[in-house]
Every structure is written in structure tokens, then in C-alpha cells.
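Thanks for sending this one over. Here are my notes, in the order I'd go through them with you.

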Amino acid sequence: MLEIRDLHVEVDGKPILKGIDLTIRAGEVHAVMGPNGSGKSTLSHVLAGREGYTVTRGSVTFEGKDLLEMAPEIRAREGIFLAFQYPVEIPGVNNTYFLKAAVNAGRKHRGLEELDAMDFMQLVREKMKVVKMKDDLLKRSVNEGFSGGEKKRNEIFQMAMLEPKLAILDETDSGLDIDALKIVADGVNSLRSPERSMLVVTHYQRLLEYIVPDQVHVLAGGRIVKSGDRTLALELERHGYGWIEQQGVTAA
Amino acid sequence: MSARAGAATAVPGGAQAAVEHYLGEHTRSAGSLPGAGTAWLRELREQGIERFADLGFPSTRDEHWRYTSVAPIAAQRLRVALPAPVPAPEALAPFLFPGLDAHRLVFVNGRYAAELSAPGSLPDGVHLDSLAQVLAAAPERARPALSGLALRTGFDALHQAFLADGVWLELAAGVALARPVHLVHLGVGAAEPALANLRTVISLGARAEARVIESFGSLGSGAGLTTAVTTVVLAEGAALEHFKLQEEAATVDHVARVEVRQGRDSRYTSHSVSLGGGITRNDITSTLEGEGAECTLNGLYMAAGRQHVDFHTTIDHAEPRGTSRELYKGILGGRARGVFNGRILVQPGAQKTDSQQSSQNLLLSREAEVDTKPELEIYADDVKCSHGATVGQLDADMLFYLRSRGIDHGTAQGFLTRGFAQDVIDRMSIDAVRERLERLVVTHVPGPESAQVSP
Ligand SMILES: Nc1ncnc2c1ncn2[C@@H]1O[C@H](COP(=O)(O)OP(=O)(O)OP(=O)(O)O)[C@@H](O)[C@H]1O
Ligand SMILES: [Mg+2]
């Protein structure tokens, strides 16, 4: 589904990603862990198409297509979804109105009929249950005045509405209380399917107890320095990132 | 005539030709304007043309016109709009607010069009009519209201020289007009650029309440100038909510002036939305002459191409315990230029004045520009006055967030622009007006495309 080859990325002339190789097949869940500032969000943003990053080397293909050639909205319609580490507040733009435009843009792209107001609201009600989101958040401006946890829930709610093929969750677990973490994880799990892949960025092993990954990668200094199965997350929790350095850098 | 021609020579350089032209127009039209047989009105018009001969058009050397060059207007030889054929009723539809139940008066090229109007039945104590009708039936009644205008600029002078028609709205004490009044001003394009003059006189007795919507639109793309002067007098405890939507063609220039006098505990609320026009200038002045008066000025301007839009507001706190709130938002694309000048005057003795002013601007292109300036003159010591101004671009994070959900760039821009304008629209009390404006704002988003398409 997703193939990242030797990806080098700079910001303002400063190298951030220094040769990432990563393959995610349909249905797989990959976790990315790593110290602060190692480039996890940078990788997420580059996949979603944010401006301001320069790809100096390497390639990313998504379902056989060159992802880096696509505008962010095309990537989204092709099935990429990024749950933001810091969801953006957008005053004056109504949450429901925004979501309807997003859902219908995706449907149109896939040659489906656009949803009318009634069908859309039915879908909304169904998906809101998944993340146990409060009704009144829908009537408000996008993320405006939402608590940290509400914002994260709203990201997962949007993901449920948009039904992406590849979901990238950038620290969706941070800032959530224990119950909310469980709800969000349940929401994510309910979306797991043989066709849907996930890239889960997290600092905590706890999330991975709920969302069990097929592979765990450690990103440090702009490179994947170690990959393994879910037990790697446990090791990291126990020993910290210093432990990998002591082991010597072993590229994945 | 010779005395006036003499005055004209005092006007520098090429301006003289303009003066000659308008003197000619004055002579030509004097006999055909409404109330031509009324001596004081004839004199008023003469005063106007004489004053114009003295002043000419304002120049950018004038402090209040520093950022707004009216050279393109001065270069035109406008014909004084003679009555135009009245368009078919369908032509009116785009300028109405679906679902709005209002007393409607329609004007075409500055003249009342009874065929298109629907004043409806009016409650006792409400006098709503065209100014021409008042001048025909009871001219003396209009005299004080029409005579008091200070002719500060050449535009004021021209307006008075060709004063013809407009609106008369008078409410007796204690009357609340439930349905709003909708005044629709249509310019119909003609071969030669035309001058349309509109005078609106609003007077509310003690505790009277009304809502007035003024719409300005164009049919066809004929060039011209609209001058609109609105005077508002609010007696003790009266309340007026005053809407204005300017959506004329880019070939039409628009110079408007609103003068408000507020009595004790009165409330004046203005929502002025400027979307159309080539050069648009709005001067809004309110004098809080009675204690405890409240003045709220909201504004929204969107401009693209080479449009120029200028708001000059003055709030004169003359008495204690007055409150004023100003929120102006500008959205500028292409090579458009915006100007906001907000003057707040707190007179000695106007203690406990509470005044807030905010000017916020969004630039959607590199070539768009805005000049925003507060002007505070405070001569009392126990007052609260704050002001702030911002100029920014669309937020890149917001734009990316929307696009990352599949919304294309143009639509995302539209969402954010509308989001930016939303709180100005939210302050309006009439649903039908808000709903149409929300749609208009989206279609008017001056994206980078419009920079290339517009002349
Ligand atoms: N716009 C930018 N300008 C300069 N440096 C940047 C920019 N964006 C990211 N960086 C730098 O790139 C590095 C990687 O940042 P990134 O946000 O990808 O880290 P991260 O792994 O997500 O960290 P965290 O765990 O704290 O979220 C950091 O050193 C950061 O300062
Ligand atoms: Mg990060």
C-alpha cells in the first residue's frame, strides 16, 4: 500500500529526515516511536502533503502512484488521513459544514454520489457513537475551544467519517485521559480491516496494548534505527532510547 | 453665470474643465429636478454648485483623502441622471433577500420607481415616502433636514447641487416598526457615465425603533458615480439598526456619507458591507449628543482586481456614559486597496465613555494593500478607550488542515474567508440578510485568480 524509499527531507535547508525506508502492506498496523524532535511529525506531514518540506531524495508510492506528486486534497481523496498531533482551531468554520464538504469531496473523487443532508446526518450520528463524541461539538467551529481530548476525539471521528485506506495517527494518545484513550483506541480498532493500514506515532507503549501493531519502528535522528515486533515497544519502555544507542545503530 | 465661472478659475489646473462641465449640467438640469419650483431648494442647489466650483474634487494632499485618489472620478464627465426606463421586475430579484418581509422602496438611477416598489401598509405614526414626493407635497417639511448639511468636500457639494430624490422615513415617538424597510438603489448602465444622487432622511422620535436596509446594485455594466447622503436623527431612547450592502458594478464609483445624531440613551447600529464598486468611499459619523447613547459600527469589505474601498468613521462622544463599539473587517485580493480610518473623539466632560475599536484585515494576494489607522482624541480623563488593528494572510495551518481532509484549495480559501467574516455577519439581527450575505461572501472570495481576470 505504502512504500517509502530512501526519503530525505529538509526544512529551511536543514536535513530532518535522512533516508527513511518503510513498507506498509494493506491491513498492517505499524507503530513509530522515537525521541522528541526525531522527525516523526515531519514524516507524517510529508506523507499528508504539507508545504514547507523539501524532499531532496527518495520516493513515496501509495497504491502504485507517486504520492509526492499529489496535492494534499488529492492524497486525502485517494485515502490518506492524518490525525494531527496538534489539531488546528478554525474560527468561523462550522464543524458539520466542513465535514460534509470533506466527505462529499472524497465521494465525488471515487465516483460516488454526494450525500444529501439527511444521509449525511445519519452517517454522522452513527460515527459519533464510535468515539462517544458530544453533539454540541458538531455545532461549533472546527476545534475552536475544544479541550485537548475533544480535539483528539474529533480527529478520530473525522477518520471514521472519511474511511481512509491509510490512517496516520500522530500522537493521538497524548493528552487523553485513561477512559478517553480506551475510547479512541476502540474507535481506531473498529476501523481496522484487511484493506486499511495504519501508521501510529506514539511515545507510549500503553496505546499499543490497545492498538496492537504488526511492526514497531524506532525513529531517531531522522532515520529508522531499529524495527521489530510489538515486543520492541516493551523493551523501549523498560530501557529508554539510550538502550538502542548502546546496542549500536542497526538500520531497519 | 459669470460670477460662478470666476470662482471656477480659482480651482487649480485641469480641474477647471470639470467645474465647467458640472456648471453646464446644473444649468441644464435645474428646471427638471424635483421641487424645481421651490425657491429655497433652488438656492440650496445653487449653493452646492458654487461650493463645488470652490472645492473641486478632493486630492490626496487632503489628509482625509490621502490614501484614496479620486482622479478617475474627476476625469469623468458625469451626466446628471435623468429618469431612466424602469427595468422589468425580474431584474430586481438578484438584489432582494429571499424570505425578507419588508417595506420596499426601489430607486432607479436615483429616482423613485413606484412600479418596482412595495411599501406595504404602514402603521400609524410612520411616514415612509420618496423624497421627491415629500418635496412635491410638503416641501417646507423637508427644509430643515435638507438644509443643514455641511459641504465639506466636492462630493457633498455635487450631491447638493443635483439633489433630486431619495427616502423620507419618520417615526413618531414610541412607534416600533416591526418589518424592516428595504431601500433598493439600482443603477442602470447608460452610454454615458451617470451621476446618481440619493438622499435619505431618517428621523426617529423618542423610543421609536426601526430597521433599515439599503442595497446598492447595478444592472448592466455602465459607468457612473453614486453619491448617497443619509442623515439620521435619533431622539431619546430611539433605536435604529441600519444595514447597507454595496454590490454595484466595478465600473461604478460610490461615495457615501452617513451622519447620525444620537439623543440620550439612543442606540445606533450600522452594518455596512461593501463588495462592489470601483472606488468606494464611506464616511460614517455619529455624534452622541445625549448621555448614555450607544453606537455600534460593524463593517465588512471585500475587494479584488483594482477595487478601492475606504471607510472613514468618526464617533464623537459629546456627553457622558456613551458606549461605542466598532468592528471592521477587510478581505482584499488582487491589487485591491483598503483603507480604514477610525476617529474617536471624546469631548471634555464626556466622562465614563466606553469605546472599543477593532480593524482586522486579510490580504489574499501579494499586491493587495490596506492602510488602517485609529485616530483617538481624548479630552476627558475617566474613560475606557481601546483600539486594535491587524493585517494578516490566510493561516497556512488552517488551510492545510482543510485540504488534508480532501477540500480543494479554492474551497478551503472560501471557508476561511467566510470564517473570517462570520462574526461581522453574526451581529446582524435579520436572518434573511445574514443568509444571503453568507452566500455572497463565499462567491466574492477574492482569490489569486481574480487578480488575473479583473481589469
Ligand atoms: N518549520 C520548521 N523549521 C525548522 N525546524 C523544524 C521545522 N519543523 C520541524 N523542525 C525540526 O525538525 C525536527 C523534527 O521535528 P518533528 O516535529 O518531526 O519531531 P517529532 O519526532 O514529531 O517530535 P515530538 O515527539 O516532540 O512530536 C525538530 O528538530 C524540529 O525542530
Ligand atoms: Mg511530533
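The points below go from the metal site to the sheets, the helices on them and one serine.

1. Some housekeeping before we start. This is a predicted model, where local features need pLDDT of at least 70, side-chain atom pairs count only at pLDDT 80 or more, and totals for chains, interfaces and linings use all residues. Residues are numbered from 1 along each chain as its sequence is written, chains are lettered from A and ligands numbered from 1 in the order in which they are written, and side-chain values use heavy atoms, with hydrogens and water left out.

2. Take the magnesium ion (ligand 2): OG of Ser41(A) and OE1 of Gln85(A) coordinate it at 2.0 to 2.2 Å. Ser41(A) sits in helix H1 (residues 40-48) of chain A and Gln85(A) in the loop between strands S6 (80-83) and S7 (90-94) of chain A, so the pair ties together parts 44 residues apart in sequence. Donors here are N, O and S atoms within 2.8 Å of the metal (3.2 Å for Na, K and Ca); water is not among the atoms, so the site may look incomplete. Gln85(A) counts as buried, at 15% relative accessibility (buried is under 20% relative accessible area, exposed over 50%, partly exposed in between, with a 1.4 Å probe and protein chains only).

3. Over in chain B, look at strand S5 (residues 165-171): six of its seven residues are buried, so the strand is largely enclosed by the rest of the structure. S5(B) runs antiparallel to strand S4 (residues 126-130) of chain B, with five bridges, and Asp129(B) stands opposite Trp168(B). With strand S7 (residues 194-204) of chain B, S5(B) is parallel, through seven bridges; there Val167(B) faces Thr200(B).

4. Chain B also has an open, mixed sheet of 10 strands, in the order S3-S2-S6-S8-S10-S12-S14-S16-S18-S20. Its edge strands, S3 (111-112) and S20 (384-392), each pair on one side only.

5. Helix H9 (residues 409-426) of chain B lies across S14, S16 and S18 of chain B, at about 160° to S16(B). Angles run from 0 to 180 degrees between N-to-C directions, and axes are lines fitted to C-alpha atoms, for helices over the stretch in contact (contact means heavy atoms within 4.5 Å).

6. Lastly, Ser197(A), in strand S10 (residues 197-201) of chain A, is buried at 0% relative accessible area. Among the residues it touches are Met1(A), Ile24(A) and Lys165(A).

Key. Helix = DSSP H or I, 4+ residues; strand = E, 2+ residues; numbered from the N terminus. Pairing = 2+ DSSP bridges. Lists of a residue's contacts leave out its neighbours within four places in sequence.
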